Amino acid sequence: MIKKLSLLFLVGVFFVGCKPYQSTKIRKGQITYSEFRAQQQSFPVKNGLIKYIDKGNGPVILLLHGIPTSGWLYRKMIDPLVAGGFRVIVPDMLGYGSSDAPEGYKIYSEKEHAKRILELMDGLGIEYWSHVMHDVGGIWTWELIKQAPKRIEELIVLNTLIYEEGFYPPIRFSPGPAAKAAMWSYRNGVTTNALLKGLFKEGLKENKLNELDIEGYKTPLLEGKTDAMYYFFTRTCNYFPDYSLIFENMDIPVAVIWGIHDTMLQWTPQQSKVVNALKIEEGDIHLIDEKHFIQETKAEEVAYRILEFLK
């Protein structure tokens with residue numbers, strides 16, 4: 001049965017029939033999702049194709065998304081980081097964005113996601129890189145460090161899953177028909193509109209996203225890419241992995257850039273524990289006046305903080 005219901009599942013009830021994002025103006029020079037996808041390249045992994053952006057020259061930064069997002073989340077940050085002298089790699093993880101979304105359950109485990117990141121970086125001939133992660137991308141990253149502890153040279157944490165103390169997911173499911181029905185419902189236009197309205201209402205202080213912004217989040221769901229989400233809501237949300245041993249053995253410079261008003265991934269309940277475990281210098285902690293999706297409204301500030309930390 002469902003353990004906890006909330007906004008993310010019930011938004012269809014409250015917002016059915018709404019016309020989302022029609023009042024927000026299109027920004028000058030704003031990229032469309034089709035244009036973003038046209039920039040992506042393909043890399044074959046065991047279970048399908050991974051799509052990714054590879055732009056710029058210099059030291060490598062990898063930008064890793066969470067759920068239910070994709071590399072699209074970082075679209076406003078890519079060019080500023082490239083202009084800062086870096087080669088920027090932005091993958092869509094398997095089951096998200098433009099990447100393939102094969103049927104399966106265990107293929108979407110944290111361990112398998114981490115393996116695919118390493119496959120991609122090996123395929124691109126990248127041995128070491130700076131690493132930025134958001135949301136559940138944090139758990140994929142801890143698994144990556146567990147498998148290959150020396151590959152990441154610097155780590156930038158953006159509103160990421162670290163400890164259960166700070167993790168307040170809007171929904172938890174047990175595996176089974178109810179959860180599968182919820183995931184299938186997100187493939188319907190009206191329900192997907194409602195889901196995204198609720199998600200960004202909860203995840204931003206003020207939701208000013210327009211239809212072009214939403215296009216990049218909505219399209220993969222309408223294409224049926226929900227199996228990876230199903231794993232997250234039925235497994236990760238119920239059995240939060242413990243990476244304490246990984247943290248103890250980490251020797252990587254770490255910066256934190258966190259939307260301090262985030263209700264889903266809260267900084268305050270885990271602050272002391274995180275700072276001590278990851279050995280973070282006080283000057284490398286930056287708390288931003290936003291909620292969860294800081295890449296949407298604070299992209300310039302986040303990119304600046306990343307460049308400042310790496311240089």
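Is Asp135 buried or exposed? At 8% relative accessibility, Asp135 counts as buried (buried is under 20% relative accessible area, exposed over 50%, partly exposed in between, with a 1.4 Å probe and protein chains only). Some notes follow.

1. Ground rules. This is a predicted model, so to speak of local features a pLDDT of at least 70 is needed, side-chain atom pairs count only at pLDDT 80 or more, and totals for chains, interfaces and linings use all residues. Residues are numbered from 1 along each chain as its sequence is written, and side-chain values use heavy atoms, with hydrogens and water left out.

2. The sheet. There's an open sheet of 8 strands, with mixed pairing and the order β1-β2-β4-β3-β5-β6-β7-β8. Its edge strands are β1 (41-45) and β8 (285-288), each pairing on one side only. From one strand to the next, the twist averages 20°. As for terms, helices (H or I, at least four residues) and strands (E, at least two) are DSSP runs numbered from the N terminus, and two strands pair if DSSP finds at least two bridges between them.

3. Helix α4 on the sheet. Helix α4 (residues 110-123) packs on the sheet and touches β1, β2 (48-55), β3 (60-64), β4 (87-92) and β5 (129-135). The direction of α4 makes about 120° with that of β1; axes are lines fitted to C-alpha atoms, for helices over the stretch in contact, and angles run from 0 to 180 degrees between N-to-C directions. Contact means heavy atoms within 4.5 Å.

4. Strand β5. 7 of the 7 residues of β5 are buried, so this strand is largely enclosed by the rest of the structure. On one pairing, β3 and β5 run parallel and are joined by 4 bridges, with Leu62 opposite His131 in β5. On another, 7 bridges join β5 to β6, again running parallel, and Met133 stands opposite Val157 in β6. Between β5 and β6 the chain passes through helix α5 (residues 137-147), and this β-α-β crossover is right-handed: with the strands pointing away from the viewer, the path from the first strand over the helix to the second runs clockwise.

5. Asn159 counts as buried at 0% relative accessibility.

6. Val157. This residue belongs to strand β6 and is buried, with a relative accessible area of 0%. Leaving out residues up to four places away in sequence, Val157 touches Met133, Ile162, Val254, Ala255, Val256, Ile257 and Trp258. The C-alpha atoms of Val157 and Val132 are separated by 6.1 Å, though the two residues are 25 apart along the chain.

7. Strand β7 (residues 254-259) runs parallel to β8, and 4 bridges join the two. Ile257 has His286 in β8 as its bridge partner.

8. The loop between β3 and α3 (75-83). Pro68 is found here, and the peptide bond from Ile67 to Pro68 is cis, with omega near 0°. Ser70 is in the loop between β3 and α3 too, and is buried, with a relative accessible area of 2%. Neighbours within four places in sequence aside, Ser70 is in contact with His65, Asp92, Gly97 and Gly216.

9. Helix α6. In α6 (residues 177-185), Ala179, Ala182 and Met183 are buried. They cover an arc of only 95° around the axis, which puts them on the same side of α6; the arc is that of the directions from the helix axis to the C-beta atoms. Turned away from that buried side, the other face carries the exposed residues Pro177 and Trp184.

10. Helix α13. The buried residues of α13 are Ala299, Val302, Ala303, Ile306, Leu307, Phe309 and Leu310. Seen down the axis of α13, they fall within an arc of 165°, so they line one face of the helix. The length checks out as well: at 1.5 Å a residue, the 12 residues of α13 (residues 299-310) should span 16 Å, and its end C-alpha atoms are 16 Å apart, which agrees. The expected span here is 1.5 Å times one less than the number of residues.
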